[in-house]
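Open the model in your viewer and keep the selection panel at hand. The tour goes stop by stop.

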Amino acid sequence: MIKEKMLPIIQKVKEWKIICAGLIFSFLWASASTATKIGLHSAQPFVISIFRFLIAGSIMLFISHIVMSKRLPQKREWIQISFYGLFNITFYLGLYVIAMQKVSAGLGSLAVATNPVFIVLISAIWLSHKIKFKNILSLIICFIGVFLAAYPLLQNSFATPAGILILVTSMIAYSLGTIYYSKQNWNGLHILTINGWQTIIGGVFLLPVLFLTYQPDKNIFDADFWFSTAWLAIAVSIGAVQFWLYLLKINPVKASYWLFLCPIFGFLIAFFMVEEPLTLYTLFGVLFVIIGLYTSLSSNKKD
């Protein structure tokens with residue numbers, strides 16, 4: 001009898017845990033673009049990236065191998081992790097940090113929210129899934145939204161066409177990495193082990209680019225640099241990802257809907273932290289992206 005009375009309370013607690021996890025994830029994930037913009041005032045993009053990946057990867061591997069005593073990757077798993085790191089770290093975040101030199105922080109978070117659409121379209125091509133009209137329509141609506149949000153930023157030098165192109169390319173790289181990850185057999189390898197090593201290896205792949213582009217006079221290791229790097233490494237690369245994995249474990253479809261909040265949080269954080277403008281174009285751009293994402297995800301939910 002007591003257990004039956006407690007069931008609604010337990011259910012409510014679970015629901016609130018999911019809501020809290022979703023809100024925290026959306027905020028942390030959206031904050032990455034503004035944190036990157038702050039760091040770029042003090043250092044070159046690849047300097048920020050290498051420090052971020054080293055800190056995040058080291059913490060995850062320490063927890064995985066030392067604290068939790070999880071096994072090391074073996075044989076083919078190293079190859080799988082290397083390819084995943086190439087897509088997810090080297091190309092995606094390497095290009096993303098370059099793009100953030102040329103676009104606003106808010107626009108960066110808006111682009112991140114379009115990833116589900118790219119994943120659907122690329123998986124349709126890669127995995128021979130049927131491309132539905134709704135998937136194509138959703139991509140068009142999302143791009144209209146990005147254009148609307150970017151229009152006043154282009155006029156006021158908060159974004160460039162080249163920056164938007166690099167940003168979109170980085171989103172495609174992330175989507176490829178996500179699909180590649182989902183296709184692999186990881187033989188029970190712990191998620192922290194995979195993420196830790198792919199972060200370190202992906203960062204190692206960026207070292208030649210760092211050495212070729214490094215200019216000592218453009219790097220000041222001040223408070224802004226360390227705040228930006230620490231936030232990106234701990235709050236985003238570790239914190240946001242863990243909340244994301246928690247949401248995915250409960251319900252992958254519903255988890256994707258939390259990405260809807262990323263553009264809203266992203267523009268608000270950029271407005272308060274780096275004084276980027278909020279206009280009606282921003283509002284309509286975000287609305288179009290949300291409609292496009294909803295169109296795509298509601299279509300997939302019925303499959």
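Which residues are buried in helix 7? Note before selecting that this is a predicted model. Now select residues 161-183, which make up helix 7. The buried residues there are Gly163, Ile164, Leu167, Ser170, Met171, Ala173, Tyr174, Ser175, Gly177, Ile179 and Tyr180. Look along the helix with this in mind: an α-helix has 3.6 residues a turn, so residues three or four places apart point the same way.

Stay on helix 7 and check its span. The helix has 23 residues. From first C-alpha to last it reaches 33 Å, close to the 33 Å expected at 1.5 Å a residue.

Next, select residues 45-67. This is helix 2, and serine 49 lies in it. Is serine 49 buried or exposed? Serine 49 has a relative accessible area of 4%, under the 20% cut-off, so it counts as buried. Show what surrounds it. Neighbours within four places in sequence aside, serine 49 is in contact with Leu93, Val97 and Leu206.

Now go to the surface. Select Ile136, Ile140, Ile144, Leu280, Leu283, Phe284, Leu287, Phe288 and Ile291. Together they form a nonpolar patch with about 800 Å² of accessible area. Helix 6 (133-155) and helix 12 (280-301) are the elements that each give two or more residues to this patch. Which element gives the most? Helix 12 does, with six residues.

Last stop: isoleucine 140, in helix 6. Its relative accessible area is 46%. That value falls between 20% and 50%, so isoleucine 140 is partly exposed.

Methods:
Residues numbered from 1 in each chain as written. Predicted model: local features only at pLDDT ≥ 70, side-chain atom pairs only at ≥ 80, totals over all residues. Heavy atoms only, no water. Helix = DSSP H or I, 4+ residues; strand = E, 2+ residues; numbered from the N terminus. Buried < 20%, exposed > 50% of the residue type's maximum accessible area, 1.4 Å probe, protein only. Contact = heavy atoms within 4.5 Å. Expected span 1.5 Å × (residues − 1). Patch = residues over 30% accessible without salt bridge, like charges linked within 9 Å, V, L, I, M, F, W, Y side chains within 5 Å. Areas by Shrake-Rupley, 256 points an atom, 1.4 Å probe, with all protein chains shown as cover. Salt bridge = Lys/Arg side-chain N within 4 Å of Asp/Glu carboxyl O.
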